[in-house]
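Student: I would like to learn how to read a few features of a model. Please take me through them one by one.

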Amino acid sequence: MKHIRAIIALLYMIISTLLVIAYAIYLHRYPEVKRVSKAIAVPKYWFWPLFFILGIKVKLVTKDKIPPPPVLFFATHRGNLDIPLLSYSLPGGVTYLSKEELFSVPILNIILHTIASIPIKREDAKNALESLKETSKLLKNNVNVVIFPEGTRSVDGKIGTIKRGGIILAKSSNIPIVPVIIKDGFKIYPKKSIFPNSGTVEIIVEKPILPENYTSKELAKIISQTYRSYIDG
């Protein structure tokens, strides 16, 4: 059954992606702010059928009122469906800090440019700094940004070390950090799995953290502890 679901989901994604690409190209007639605001509203409609086909239920749990945009969502990153899950469930729409390699993937690069996703070359400190500056511009336009503060997707499902890049951005821009935990995303679709499993995924949106109240080291510790309160390891 899992294999049949996966094949149907693949066919759906091929057809729907062509339509999304056409819409993305159309949106480039608008100024960036308007283009991005329209584009980040699409995933709620795009990914709902995908999750239905795969037998995945998405439950959004908010622990406190989410501040109005802009917000920095600091999300766990343990499964292959994390980006669709976050794009579908987080209110207000989001864009991402994305690894630079993704921008060389045909079709995907059109979508990333349309939502004003920021490429980041993680091993290049100068490039990373420029990416953070570009992200600051987006935040000033009231666009919510998702950052994966561990820097990469977990192979074994455990929580990694919180990198300082996103924290530097939060403190320099004085934008609230909202930790997001994708619970059971790893069980649904771990990094090395070919086919996803059906089941329920909880997107837990924790209480906002005001970065001016803490040092960078304290923020990293708070975020890590918040993640580990939901996820073992």
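Student: How are H3 and H4 oriented to each other?

Tutor: Two packed helices are described by the angle between their axes and the distance between the axes. Here helix H3 (residues 43-54) and helix H4 (residues 82-89) pack at about 125°, and their axes are 8 Å apart. H3 and H4 are therefore oblique to each other. Angles under 35 degrees count as roughly parallel, over 145 as roughly antiparallel, 65 to 115 as roughly perpendicular, and the rest as oblique. Axes are lines fitted to C-alpha atoms, for helices over the stretch in contact, and angles run from 0 to 180 degrees between N-to-C directions.

Student: Which residues of H3 and H4 make the contact?

Tutor: Contact means heavy atoms within 4.5 Å. H3 contributes Pro-43, Lys-44, Phe-47, Trp-48 and Phe-51. H4 contributes Pro-84, Leu-85, Ser-87, Tyr-88 and Ser-89.

Student: What is the make-up of the contact of H3 with H4 by class?

Tutor: Seven residues are nonpolar, two polar and one charged. Ala, Val, Leu, Ile, Met, Phe, Trp, Tyr, Cys and Pro count as nonpolar, Asp, Glu, Lys and Arg as charged, and the others, Gly among them, as polar.

Student: What should I know about the source?

Tutor: This is a predicted model: local features need pLDDT of at least 70, side-chain atom pairs count only at pLDDT 80 or more, and totals for chains, interfaces and linings use all residues. Residues are numbered from 1 along each chain as its sequence is written, and side-chain values use heavy atoms, with hydrogens and water left out.

Student: Which peptide bond is cis?

Tutor: The bond from Pro-69 to Pro-70 is cis, with omega near 5°. Pro-70 sits in the loop between strand S1 (56-62) and strand S2 (72-75). Helices (H or I, at least four residues) and strands (E, at least two) are DSSP runs, numbered from the N terminus.

Student: What is phi of Ile-107?

Tutor: Near 75°, a positive value in a residue other than glycine. Ile-107 belongs to the loop between strand S3 (95-99) and helix H5 (108-114). Ile-107 is partly exposed, at 41% relative accessible area. Buried means under 20%, exposed over 50%, partly exposed in between (1.4 Å probe, protein chains only).

Student: And what is phi of Asn-142?

Tutor: Near 60°, a positive value in a residue other than glycine. Asn-142 lies in the loop between helix H6 (125-140) and strand S5 (145-147). Asn-142 is partly exposed, with a relative accessible area of 47%.

Student: How many helices and strands does the protein chain have?

Tutor: Nine helices and seven strands. Of its 233 residues, 47% count as buried.
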